[in-house]
Amino acid sequence: MSVDKNRWKSSSHSKYNLGVHIIFCPKYRRKVLIEGVEDELKKICQDVAKDLKISIESIEVMPDHVHIFLKH
């Protein structure tokens with residue numbers, strides 16, 4: 001069994017592996033995340049993640065909702 005050493009982050013008093021799965025929908029679950037909106041949303045999410053110093057492990061944009069898995 002191999003252990004991924006980069007899986008765990010450390011600070012002076014702790015060791016952690018934090019991941020968050022977020023799902024969000026437009027109001028009334030309308031299908032508005034289509035055409036160029038999907039690409040622009042992904043770009044905005046990447047910019048925000050970079051500013052917050054977190055990584056987006058995966059992002060899936062459907063016409064009426066978005067799944068994002070984040071790691072710190």
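Accessible areas here come from the Shrake-Rupley method with a 1.4 Å probe, and for residues only the protein chains shown count as cover. On that basis the protein chain exposes about 6000 Å², of which carbon and sulfur atoms supply 55%. The model is a predicted one, in which local features need pLDDT of at least 70 and side-chain atom pairs count only at pLDDT 80 or more, while totals for chains, interfaces and linings use all residues. Residues are numbered from 1 along each chain as its sequence is written, and side-chain values use heavy atoms, with hydrogens and water left out.

The secondary structure comes to one helix and five strands, where helices (H or I, at least four residues) and strands (E, at least two) are DSSP runs numbered from the N terminus. Read along the sequence, these elements follow the pattern β-β-β-α-β-β. The radius of gyration of the protein chain is 15 Å, well over the 11 Å that the globule rule gives for 72 residues, so the chain is more spread out than a compact globule; this radius is taken over C-alpha atoms, and the rule is 2.2 Å times the number of residues to the power 0.38. Taken along the principal axes, the C-alpha atoms fill a box of roughly 45 × 30 × 20 Å. Of the 72 residues, 17% count as buried, a term that means under 20% relative accessible area, with exposed meaning over 50% and partly exposed in between (1.4 Å probe, protein chains only).

In soluble globular proteins, nonpolar side chains tend to be buried together. Here the largest nonpolar core has 10 residues, namely Leu33, Leu41, Cys45, Ala49, Ile56, Ile59, Val61, Val66, Ile68 and Leu70, and the elements that give two or more residues to this core are α1 (36-52), β4 (55-61) and β5 (66-71). Such a core is a set of buried Ala, Val, Leu, Ile, Met, Phe, Trp, Tyr and Cys residues joined through side-chain atoms within 4.5 Å.

Leu41, in helix α1, counts as buried because its relative accessibility is 18%. Leaving aside neighbours within four places in sequence, Leu41 is in contact (heavy atoms within 4.5 Å) with Phe24, Leu33, Val61 and Val66. Leu41 and Val66 are 25 residues apart in sequence and 9.7 Å apart in space, C-alpha to C-alpha.

Together with Leu18, Val20 and Phe24, Ile22 forms a nonpolar patch on the surface, with about 300 Å² of accessible area in total. Patches are made of residues with over 30% relative accessible area and no salt bridge, like charges being joined within 9 Å and nonpolar side chains (Val, Leu, Ile, Met, Phe, Trp, Tyr) within 5 Å.

The structure also holds two salt bridges, each a side-chain nitrogen of Lys or Arg within 4 Å of a carboxyl oxygen of Asp or Glu. Asp64 pairs with Arg29, the closest N and O atoms being 3.0 Å apart, and this pair links distant parts of the chain, since Asp64 lies in the loop between β4 and β5 and Arg29 in the loop between β3 and α1, 35 residues apart. Asp64 is buried at 14% relative accessibility, whereas Arg29 is partly exposed at 43%. The side chains of Glu38 and Lys42 meet in a salt bridge at 3.4 Å, N to O, and both residues lie in helix α1, four residues apart, about one turn of the helix.
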